[in-house]
Amino acid sequence: MGKISELPPGSSLEKRILARRVAVFNVDGELFGIESDCKHMKASLKKGKVEGLVVTCPWHSWKYNLKTGQCLTVDKFKLKTYQVEVENGDIFVKI
Ligand code: FES
């Protein structure tokens, strides 16, 4: 995904992996990997505002829990979440 040095607390990275966009958020030093396409109209959640463990979509403000992927705006939607590991400064996401 990138280098941990490029992802300080409060920031995020996004990459296309195979056919999907995946974002990694650094929340107070803890990393969360999540599908990046909002379930509403596919805006990139990388650009969303993060408060606690909740990211808000920049387009129409749907909210998601970064840890579970659960959409907090429309119950029936859930984003995939991914395990994130850091090895020798490199960020890896398990797809
Ligand atoms: S595209 Fe995310 S809320 Fe509309």
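The model is predicted. The chain holds nine strands and zero helices. Its radius of gyration is 12 Å, which agrees with the value near 12 Å for a compact globule of 95 residues.

**Overall fold**

- From the N terminus on, the elements read β-β-β-β-β-β-β-β-β.
- Along the principal axes, the C-alpha atoms fill a box of roughly 40 × 30 × 20 Å.
- Of the 95 residues in the chain, 26% are buried.
- Take the contacts between residues at least 6 apart in sequence: 34% of them join residues at least 24 apart.

**Nonpolar core**

- The largest nonpolar core has 20 residues.
- Ala23, Val24 and Phe32 touch the most other members of this core.
- β3 gives the most, with four residues.
- Leaving out residues up to four places away in sequence, Phe32 touches Val24, Phe25, Val27, Leu66, Lys67 and Val84.

**The sheet β5-β6-β7**

- Three strands form an open sheet in the order β5-β6-β7, and the pairing is antiparallel.
- β5 (49-51) and β7 (63-65) are the edge strands; each has a single partner strand, so one side of each has no neighbour in the sheet.
- On average, neighbouring strands of this sheet are turned by 25° against each other, direction ignored.
- β6 (residues 54-56) pairs with β7 over three bridges, in the antiparallel sense.
- Val54 stands opposite Asn65 in β7.
- In general, strands of a sheet pair through backbone hydrogen bonds, either parallel or antiparallel.

**Leu45, a loop residue**

- Leu45 lies in the loop between β4 and β5.
- Leu45 counts as buried because 27 C-beta neighbours lie inside 10 Å, and the cut-off for buried is 20 or more.
- Leaving out residues up to four places away in sequence, Leu45 touches Ala23, Ser36, Cys38, Val55, Cys57 and Tyr64.
- One of these contacts, Ala23, is also among the residues that touch the most other members of the largest nonpolar core.
- Leu45 and Glu85 are 40 residues apart in sequence, and their C-alpha atoms are 20 Å apart in space.

Terms used:
Residues numbered from 1 in each chain as written. Predicted model: local features only at pLDDT ≥ 70, side-chain atom pairs only at ≥ 80, totals over all residues. Core = buried A, V, L, I, M, F, W, Y, C linked by C-beta atoms within 7 Å. Buried ≥ 20, exposed ≤ 12 C-beta atoms within 10 Å, placed from the backbone. Helix = DSSP H or I, 4+ residues; strand = E, 2+ residues; numbered from the N terminus. Contact = placed C-beta atoms within 7 Å. Pairing = 2+ DSSP bridges. Axes fitted to C-alpha atoms, helices over the stretch in contact; angles between N-to-C directions. Rg over C-alpha atoms; globule rule 2.2 N^0.38 Å.
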